Amino acid sequence: MSTPARTVLVHPDAPVLAAATAARLLTRLVDVQSVRSPVHVVLTGGTVGIATLAEVAASPARDAVDWSGVHLWWGDERYLPAGHPDRNETQARTALLDALGDLLPAAQVHAVPADGSAPGIDSPEAAAAAYADELAGFAPEGSAVPEFDVLLLGMGPDGHVASLFPGHAALAVTGTPTVGVHGSPKPPPLRVSLTFEAIRSAHEVWVVAAGAEKADAVASALSDAPVEVTPAAGALGTDTTLWLVDAAAVSRVAPA
């Protein structure tokens, strides 16, 4: 079966992009919950990713979602101690999860294990293995990961998504849904990431990018550059792949 084509949706600027992505996410959650439950969503960090979560928290439509039927995961995480301000989980709690409170059961927030958070979690590889076990616990038979309904990804100016960086060995890892990352060109150097196998299992993959500094990478990804050069080119959903961008981020994309 062929992979659906990418759909590119352009917004005027980063604040509008974050608000529109939040509205789209809330609508998608309600739509999925009308036919099945639970819903599994993979969150991202980054400026626009966290701004999107803050917009979800501020939206009156958030109350239309049955948060007791939502599971949250992360596409990648910085391998740092729990509560560190640079962890995606910490930022997501400030932006959204704290506001939801008891509406979202704590057991359904699946954070990547932090440095030293449990015995044996002493390396990115150990954290990745523990997260793979957590994912498997909610996966349907025959799969290594849950049925991801929406998987959100930010993208760096170098074209990386999650913590899959150009030229890094993690790009080619197969047979596991998670990987430990060393030598990240963006601090901190130690990270945990979903692999492309896990990303590509999601029903819908949304790549969210804003700013002129992302323009070259957006143009490269949308022209199907090799994944080794522009990893974002390999971020594809089984049903839908959305590129949610602002006008500056697509300023280098050639007209169709």
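Modeller: A crossing is left-handed if the near helix is turned anticlockwise from the far one by less than a right angle, and right-handed if clockwise. This is a predicted model, in which local features need pLDDT of at least 70 and side-chain atom pairs count only at pLDDT 80 or more, whereas totals for chains, interfaces and linings use all residues. Residues are numbered from 1 along each chain as its sequence is written, and side-chain values use heavy atoms, with hydrogens and water left out.

Colleague: So which way does α2 pass α3, left-handed or right-handed?

Modeller: The crossing of α3 by α2 is right-handed, where helices (H or I, at least four residues) and strands (E, at least two) are DSSP runs numbered from the N terminus.

Colleague: And at what angle do the axes of α2 and α3 cross?

Modeller: They cross at roughly 15 degrees and come within 7 Å, with axes being lines fitted to C-alpha atoms, for helices over the stretch in contact, and angles running from 0 to 180 degrees between N-to-C directions. That makes α2 roughly parallel to α3, a label for angles under 35 degrees, while over 145 is roughly antiparallel, 65 to 115 roughly perpendicular and the rest oblique. On the α2 side the contact includes I50, L53 and A54, and on the α3 side A92, A95 and L96 are among the residues involved; contact means heavy atoms within 4.5 Å.

Colleague: Which residues of α3 are buried?

Modeller: They are N88, E89, T90, A92, A95, L96, L97 and L100, and these buried residues pack against α2 (46–58), β3 (70–74) and β4 (76–78). Buried means under 20% relative accessible area, exposed over 50%, and partly exposed in between (1.4 Å probe, protein chains only).

Colleague: What comes just after α3?

Modeller: There G101 takes a positive phi of about 55 degrees.

Colleague: Changing topic, where is the cis peptide bond with omega of about 5 degrees?

Modeller: That bond joins S37 and P38, and P38 sits in the loop between α1 (14–33) and β2 (39–43). The bond from P187 to P188 is also cis, with omega near -5 degrees, and P188 belongs to the loop between β6 (178–181) and β7 (191–194).

Colleague: Last one: is A162 buried or exposed?

Modeller: A162 is buried, with a relative accessible area of 11%, and has a positive phi of about 50 degrees although it is not a glycine. D224, another non-glycine residue with a positive phi, near 60 degrees, is exposed, with a relative accessible area of 54%.
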